[in-house]
Every structure is written in structure tokens, then in C-alpha cells.
Amino acid sequence: MNIPAAKCHHCGLPIPAAVNIRGNYQDREVRFCCQGCYGAFLIIAGSGLDKFYQQRDWPEQGVPEGVYTSEFSDNSLSPYVIPLNENFSEISFLVDGIRCATCVWLLEKVVQDEMGIEQIRVNYGSHRARVIFNHKLTNPEKIFSGISRLGYLPRPFTRNAMQESAMREQKSLLIRFGTAAFLSMQLMGYSLALYAGYFQGIDPGIRQLIQYFAAAVTIPVVFYSGWPFLSGALRSLLNRAPSMDLLIALGVLTAFSYSLYSMVAGGEVYFDTAAMIITLILMGRLLENSARNRSLSGIDKLLQLAPDTARLLKDGNVLTVQSNDLKPGDIISILPGERVPVDSEIIEGSSEFNEAVISGEALPVFHSKNENIASGSLNLTSTVNLKVVRIAAESFVSRMSRMVEEAQNRKAPVQSLADRIATFFVPFVISISAGTWAYWHFIRGDSENAILNAVAVLIVACPCALGLATPTAVLVATGRAAMSGILFRGGDILEATSRVDTIAFDKTGTLTSGVPAVTGLFPADGITPTQLLRAASIIAAGSSHPLSRAIVTYAAQNKISTAPARNVRTIPGRGLVAQLDNHEYRLGNLLFLKESQIKVNQTDDNETTEVHLAVNGVFMGSFRFFDPLRNEAATVVSSLRDNNLRTVLLTGDHKEPARIVAEQLKIDTVLSDLRPEEKASWIKEQQATGHTLIMFGDGINDAPALAQADIGCAMAGGTDIALETSDIVLTRADLGRLNSAIKIARQSLRTIRQNLFWAFSYNLVAIPLAASGLLAPVWAAAAMATSSIIVIGNSLRLDRQLKKRVANSSLRY
């Protein structure tokens, strides 16, 4: 006689005969298959989280291979760490072994309590974890080791890892669906024989034998192929959060149990109903999963722009290394036809690059020594050697893809309505099903149809369509927008953008090209132009402001080179201050010097931008600049006004240049000489009167306004603080993308509303039909699966619409 082996309390695998590891759980003895599982149990129980063992629902037993023996090191994990500030860093990684929502709960609870952990978020759908930690108190090695001790295997997040995870999920669904479909086809043969015997007569013995065969074929369909639904139903009951899986499980088990009872009692069986419900719903899940992977392809396509490997030049040798292993200062070689793996600077050679990933322009851009190249750029003509500027995780492609993923994880407010309804939906449907059974059983006296109609109600109800209505549209819209050079930070931003009525612009670098040129020097009495230019370039060299760069460029053209001053301080909306050799330099606008009680000799021209220089409180002279408007600015502003959007110019520049720009572009309202806080205050006043605003800016002085606005928008190439405080980032220097962003948002909201309308309408019609007996359970399952597919299909239709709309917008600009 074979005695089944005891199972491990933690992982559920059989315990080898020679292993005798025991522990206590809720006043009873439990056993473990290895010291690793026993250690994980001690950590979980010691943290007061032992209800994990009651609430978890694992369709498969065991832990990932090598989980307790894997070793981690900071050196191998450091390329995946992103510094946030002087105290905190971030790391993202995949976690193998997550099987249910309780696994996510356990991981977040245990890791969050570790010293130095600021925040952890684990995505159940993608199995991706994001941890923000204090790098002075902990490190990635400790984080990974702590997770592995729980029985989960952390792996650095890469494109290949993401693809493997998606393939595993798709493969599991495909196997379950294939099994269900094959056996259901066998079952239909038995069912046809039973139906024929019902109408034409059949020998009772043969009839019962066929029913036994039908039951045998149905069991693996229900308990293997349908296990995700059964386990989800059990989990929802344990967590007291009824889900769609509970409706499916109730319907399937009711039809299956009733058929078993009828088989024994000599009645009619409905095994085909139980099996086809599982098969049809699995088919819907399979299509849904494929569509979700398609909608997520925006991230994958972004990641594919940066190659996984690089050619490292070290000690005279050429080594092929992983891009994630590159560090700032490393020298890499890029051949023609290869993409740049990380943000870098050319140190040898020159070449033409396709920078469509950044600018959207297919025309080659020539770059030579000391110029920066963004990751994802394609080398076209010559071999160049580059010096790495940023690690892979901080380079352009990674930052953009990370923003897209964050956007797809954030909910749109319109989704909250569906979420609230879904909470009450399942109990409501169960009540309707119970009422349907009672009506048909007690009032109509038809016990057989009472069961079938009650099952039909459970199956036809589709909270899934409600749940998919918003997220699928957001996934598609943000993915398509990302491929078009528009990054929304979340579904909430997408929805808010669709409702804006006012667009506020900064001037310099936003409506203008952002590359001003010096058109005139006006030295004070006793100061030569060379002296003025040399003194100004000392302080200007320490700033990245466009006007500062123009002064430095002009000085270089006049063969004047100086060492930049240290500790250059930016006064937002005013100018720069620096100390050098006991001298104080002030370079800024007229108000800046006047506030410092410095007398300035004004020129007669008020139509251009001017910057003034003072050293030790003495006026040295002025610079005059010209910054041409962007080629597409007039067309974009006109298009915005045609769409009934109010346009406003908010600038720190003085009145006359601001007025001229506003007149050229026909902007509705212009406010000049504004401090950063005054821009934010004006926006706040407009919001108080009911306006919804987008603020479009690119500099440090725009950060308060970008943060205050309902939607902050910046172009890549602006300052880091402007990008960090923005809700929309345009990765290409093209104002027309703002118009496209608004159109994408509006079209997306229309699609979300269409999806919600369909989801509500479907349930309002389908549930009464099922309750009245006009919809058999098999057709109810087909209708339910179709409902979800229609929602997904409408969202994928949005992708085609947006692709065409963005293409048309690009042609106009």
C-alpha cells in the first residue's frame, strides 16, 4: 500500500522521506520540505503575516528553481539602480513565483517593514516590483536576498525578461484553452448522441454509459482548464471581495453538480454547458491577453530602440558587454547601422545620426566631437567612439519607457465609476440569479429550467467589460502617444487633458526656437566690447539658460575663452549671481539689476530681449538678443483657437517683446514681466473661476506654474526640473505634438465612454433575457465572452484612429 507523501506547509510540494523539518502553526505541527521553506515560514510568521497561508490561492505548487540558493551582489545590480536624490534610489525588477494577489500583499508587507525601504509597489499583472530605498541604510543585494528568503525569485527587469513573462502567461492560457477546446469537442459528440436519444429514444444502459463518458471528459475541463476561475472565486470569498470569477465558478459548478445529480437520478445532464462555459470564457481571456500585449507594445518598442549589448573599448581590446553594465566614463564604439545603447558624448570621429526617436525627423543630423547623442539614435555613416554619460537606466529610452509604464498604471477618474459599480455588481447578480431560480422553481414549477436560467444569469453578467472599458483604452492611447513622441504620465492626465479650455505658453524656448543669438553689445562708458563679453561669459558659462549659451557662443565666435565661475546661482525669473576672485557678478534682466539698486543705462530698443551685466554693483553693459519663433508656432496656435481653446502668453520677458510675439501668433491674452510665483498665482486664479489649463514651459522658472496647472507640459531638451514637474512630455521639439496630445486625449475619452455605454447596456439587456429563460447558459457564456472582446476591439480600433490622426497632424506641421 502506497502512503502519499506529506506536503510542505509553505510550498505544497511532497516532502522527501529523509527530511524531517517541523514547526508550529496555530497550535499544530507542520512540516517542510527544506530549510529554505522553513526559513520563509519563520519570516512570515514572525512578521505576524501568517494569514498568508489561509488567504493564498496557488494554482501550482512549489517555488521557483534556485530561489533559496541564488546569490546577489551590488556590483551586478548597480546598473539597474536609479539615483533619485542624495538619500534615495529606485530599482525595478521582476519577481518569479507570484501566483495570487496574496503574494503581492505579502511581498509589500514584508519588504516595506525592512530598514531603509521608503516604498514598494508590486504589479500583480506584470509581476514587476518597484522599490524606492535609502541607499545609506540598505542596498539592492539586501532587498533581493530578503525577497528570495520568502520563496520568490527577483530578477533585474529587462526587455527579454518582460517578453519571457508575457510568453509564459500566454502559454499557460493557451494550454488550458487547448485542453478545454479539445475535450469539449469530444463532449459535444456525446451530447449530440444524448440529444438524439432524448428525441428518438435510446437504451437506458447506453444512455447512462454515454453520460458517464461525458462526466469523465468534463472533469478535467472544469478542474484543470477552469482552475483559474475556481481559485479566483475561492480567493474572492476569503478576501470578502466577490469577483467575476465567483460568478463563473458558481455557474459552472452549479451546472456540473446538477448534471452529476441528474446522472445518478436518471435525468438529463448538462455537462456540455459547464464545459463550453469554461472553453468560451478561456477563449475570451486568451484574446483579451493578446490584445493587452498588443496595447503594451508601446513600451516594448521604446525599449527595443536601445540595444542590449555594446562594444566596450578597454585596455586596447574590444569587449562585448551588456548595456546595463556600462558606467559613466566608459568608452564604447558604434559602427554604422548600430544604435546608441546609452546617452553618450562623442570623443572621436563624426557621423550622421537618425534621431527620429527624439525629434521625429527622419532626416540625418550631423554630430561631431564633444556633442551629446541620446540612446536609441541610429548611426548612419561613420564609426564613432563615445564616452558614456548616463547608465542605461537613466538614459533617454529607459526614462521615456518608464514614464509610459507609470502612465498605464495610473487610473483615470472615469474608471472610479466603473470600479464602484463593479463592487456591488457581483452580489447584485447573485441575488438576481437566486430570485430567478426561486421564480422558475416555486412559481412556474419548472425545476430543470430554474437551474439553467439561474446559471445563465450568473454567466451572462459581465463585470469584466466594465473593468476593461477604461484600462484598455488608456493602454492603447498612451502606447500610441508614446510612439508619436507624446508621453502622458497617467490615465488621469489623459482624461484631464481632454477637458482643458485654456493653453498657457511660456515664450523663450517654447514658442520661440530657444536658440537666441546675440545681435548687439552696448558697453557702459569706459568699458570695451571685449571686456564686457569676457566678463559676461565668465558667469554665463555656468548656466544652461538659452541666453547664457548665446553669450558663450558669441564669445567663442570672437575667440574669447574664459574659465567659468563656480557656484553660479540662478534667481528664477531674474538672472544669475556668481562670486569669482572676490568679485560679485550679476547677469540678468532690468528688474534684477534695479532690485539690487544698480543704475542701468537703457537702450532705445524695447522690442527685443536684453540682458544686463554688473560687477560689484557697477553696470558694465547690455546684450541684445533675437530669438525667432518656431516654424510651426503660428499654425499650432491657430489650430488651438479653431478648437475653441483660449491661448495665453505668460513670460518673464518685458512687455514689448511679449506683445510682439502675441500679435504675430494672435494669442488671446499676454502677461509679461512675471516672476515664477506670479505665473503660478495667475493660473490658480483662473482655476478658481472654473478654467482647466495646460501650462507649456521648459525652464526652471516655469516649474511652479507647471506644478500648479491642471496639466503641465514640457518638451524633452528643457531643464530636468521642468520635465519632472510636467504631466505631458513631448519627446520631439515640435509644438504640433501638443495639439496632437489634446486630440488623442479627446478621442480616448470618447472611446472610454463608448466602452462604458456598451458595458452598461449589455448587462441591462442580457441579464433580463437570461432570467426570462430566453438565453441558454451556453449562449450566455458566448455573449459574455463577446462583450469583453467588443470592448477590447473598440479600444484597438482607437489605436488605428489615433495613428491616422497623428499622421495627419504631422503632415500639417
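1. Helices and strands here are DSSP runs, H or I of at least four residues for helices and E of at least two for strands, numbered from the N terminus.

2. Before going on, the ground rules: this is a predicted model, where local features need pLDDT of at least 70, side-chain atom pairs count only at pLDDT 80 or more, and totals for chains, interfaces and linings use all residues. Residue numbers start from 1 along each chain as its sequence is written, and side-chain values use heavy atoms, with hydrogens and water left out.

3. Back to the sheet. It is open, has 6 strands in the order S19-S24-S23-S22-S21-S20, and its pairing is antiparallel; to count as a pair, two strands need at least two DSSP bridges between them. Strand S19 (517–523) and strand S20 (569–571) sit at the edges, each pairing on one side only. From one strand to the next, the twist averages 20°. H20 packs on this sheet and touches S19, strand S21 (575–580), S22, S23 and strand S24 (618–626), with its direction at about 75° to that of S19. Axes are lines fitted to C-alpha atoms (for helices, over the stretch in contact), and angles between N-to-C directions run from 0 to 180 degrees.

4. Leaving aside residues up to four places away in sequence, Ser548 touches Ala540, Ser543 and Leu576; contact means heavy atoms within 4.5 Å.

5. Next, strand S27 (residues 693–696): Leu693 and Met695 point one way, Ile694 and Phe696 the other, and all are buried. In a regular strand, side chains alternate between the two faces of the sheet. S27 runs parallel to strand S18 (residues 502–505), with 4 bridges joining the two, and Met695 is the bridge partner of Ala504. S27 also runs parallel to strand S28 (residues 711–715), through 3 bridges; there Ile694 stands opposite Ile711.

6. Now H27 (residues 736–771) and helix H15 (residues 447–460): their axes come within 8 Å and cross at roughly 165°. That makes H15 roughly antiparallel to H27 (under 35 degrees is roughly parallel, over 145 roughly antiparallel, 65 to 115 roughly perpendicular, and the rest oblique). The contact brings Asn453, Ala456, Val457 and Val460 of H15 against H27 residues including Tyr762, Asn763 and Ile767. By class, the contact residues of H15 with H27 are 8 nonpolar, 2 polar and no charged. For the classes, Ala, Val, Leu, Ile, Met, Phe, Trp, Tyr, Cys and Pro are nonpolar, Asp, Glu, Lys and Arg charged, and the others, Gly among them, polar.

7. H27 has another partner, helix H22 (residues 633–642), whose axis comes within 8 Å of that of H27 and crosses at roughly 25°. That makes H22 roughly parallel to H27. Val636, Ser639 and Leu640 of H22 meet Gly736, Leu738, Asn739 and Ile742 of H27, a contact with 4 nonpolar, 3 polar and no charged residues.

Definitions and conventions: Buried < 20%, exposed > 50% of the residue type's maximum accessible area, 1.4 Å probe, protein only.
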